[in-house]
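Here's a quick tour for anyone meeting this model for the first time. Have a look at the sequence and the fold, and then we'll walk through a few of the contacts.

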Amino acid sequence: MSTGPSWYSILPVAVVAAAVPAPVTATVYLSIEDAQRAMFPGDRFIPHPIAFTPEQRKAIAQASGAQPYDKVQRIWEARAGDKRAGWFMVDRVIGKHDYITYAVALTADGAVRGVEILEYRETYGGEIRNPKWRQQFVGKRPGAALKLDSDIKNISGATLSSKHVADGVRRLLATYALLLARA
Amino acid sequence: MRRCRPLLGTFVEIECDHAQAMEQGFAAIERVHRLMSAHKPDSELSRINRFAHLRPVAVSAETFEVLERALRWSRLSNGAFDAVHAGNAALGRGLIPRHADQPLPRAAHWTWLEVQGACVRLLKPACLDLGGIAKGYAVDVAVAAMKQAGAAHGLVNAGGDLRAFGVGTSPVTIVDPGSRCGGVAHVELRDAALATSAGLPAECGLSFDHLAGIHPGWVSVTVRASNACDADALTKIVWALGHRSAHLLAASGAEAFAIRADGSLEAIGEQALAA
């Protein structure tokens, strides 16, 4: 596989004015509707949002170690015919710098059936203004890939942001147990 | 199509325009996750850590293969790659849990691990961590599953261990995670694997001293190899051995470079000698 030193190249860094706010890039994987269809194929969705009371927030934090970020949790009941197929919840957590939006599908009795990342937003420093670097986000051809989260990892391989998603899922399970299990 | 799920303690992204193949790819990774998670008490890895010092623990073909590969890299690198040492360190730092009936490790390195006929034995209590190789392996089995399901091309990225297959090239950007210096490299990947291992910026309150013998002045190491398992293991070996890893890279047809703290790149291996 020896192709000489040319198998990689350095991207020049543009000099930028400090006053310009850091740009945000977003990778969108799935819309809410697409995720619903993928996680509960063929089912109907009935919105079941929960606007948390302060007491509920506290109870969730106590049970899971984290307070919800959102004032209103976006939740849908998935229905297959006249039976409950499960719950579909949309949530967000902080990634390295910005929000990661994700969806969790629960079975009717509250077991995790799947987790899908919907949108991954990150704020970058100056390097993003390099046009060649920015191109990476456009996805102009199939197969275009971007290694975003390359490697803030510890020895067990857990990235900090993925731990935040795991914590978020735990919080959603507490939300289910406290507010949906008897709904 | 591009999907992303939290698996293997990171984000796994699969890109493929064959929906069924993509599901097969994720299913393969979920299986590796179940088998080799140090966090789940009933994973095969945890059962090794809990019981293999008492009696041989039978494991699946997948776990067997990862352990064989891990031992091979330990032998070749003279212990620079060491799942036993890594596990002890991770346990000591509280990064992985010690399960209820799991003994305190007494073995310091890989020579206390024996893999034979799909059975695993520990000659002394030890705590294996496969974080340094299982992600790459998971990427490889996902690619195999996707090909078998009929995908002509695709890309699997498990938090920086990635592999592209089929026609066409995939542009990959390697970001320096500390990214104040803007050290950024670009690779066009075609039918090959790439793995990056980075240090952690000190301001996160974390250090990267877990990477034994870390090369001063480097912020990340990137290896290109034919498969992701080898690329993953080799990043750790390059970190530990620096330019002394050249013969190991060459022997497996792999190549590497480091991003330095000032954002410049440093070739490692044969190209460095040729330059």
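Let's start with the domains of chain B: the assignment gives domain 1 (44–122) and domain 2 (169–274). Keep in mind that this is a predicted model. Where the two domains touch, domain 1 of chain B puts in 7 residues and domain 2 of chain B puts in 9 residues. On the domain 1 side, α3(B) gives the most, with 3 residues. That side of domain 1 of chain B splits into 5 nonpolar, 1 polar and 1 charged.

Now for the helix packing. Helix α1 (residues 19–36) of chain B meets helix α3 (residues 61–76) of chain B, with axes that come within 10 Å and cross at roughly 75°. An angle from 65 to 115 degrees counts as roughly perpendicular, and α1(B) and α3(B) are therefore roughly perpendicular to each other. On the α1(B) side the contact is made by B:Val32, B:Leu35 and B:Met36, and on the α3(B) side by B:Glu62, B:Thr63 and B:Val66.

α1(B) also packs against helix α5 (residues 134–148) of chain B, at an angle of about 150° and with the axes 8 Å apart. The crossing of these two is right-handed. Among the residues that meet here are B:Ala28, B:Ile29 and B:Val32 from α1(B), and B:Tyr137, B:Val141 and B:Met146 from α5(B).

| Contact | Nonpolar | Polar | Charged |
|---|---|---|---|
| α1(B) with α3(B) | 4 residues | 1 residue | 1 residue |

How values were computed:
Residues are numbered from 1 along each chain as its sequence is written. Chains are lettered from A and ligands numbered from 1 in the order in which they are written. This is a predicted model: local features need pLDDT of at least 70, side-chain atom pairs count only at pLDDT 80 or more; totals for chains, interfaces and linings use all residues. Axes are lines fitted to C-alpha atoms, for helices over the stretch in contact, and angles run from 0 to 180 degrees between N-to-C directions. Helices (H or I, at least four residues) and strands (E, at least two) are DSSP runs, numbered from the N terminus. Angles under 35 degrees count as roughly parallel, over 145 as roughly antiparallel, 65 to 115 as roughly perpendicular and the rest as oblique. Ala, Val, Leu, Ile, Met, Phe, Trp, Tyr, Cys and Pro count as nonpolar, Asp, Glu, Lys and Arg as charged, and the others, Gly among them, as polar. Domain bounds come from an automatic or database domain assignment. A crossing is left-handed if the near helix is turned anticlockwise from the far one by less than a right angle, and right-handed if clockwise.
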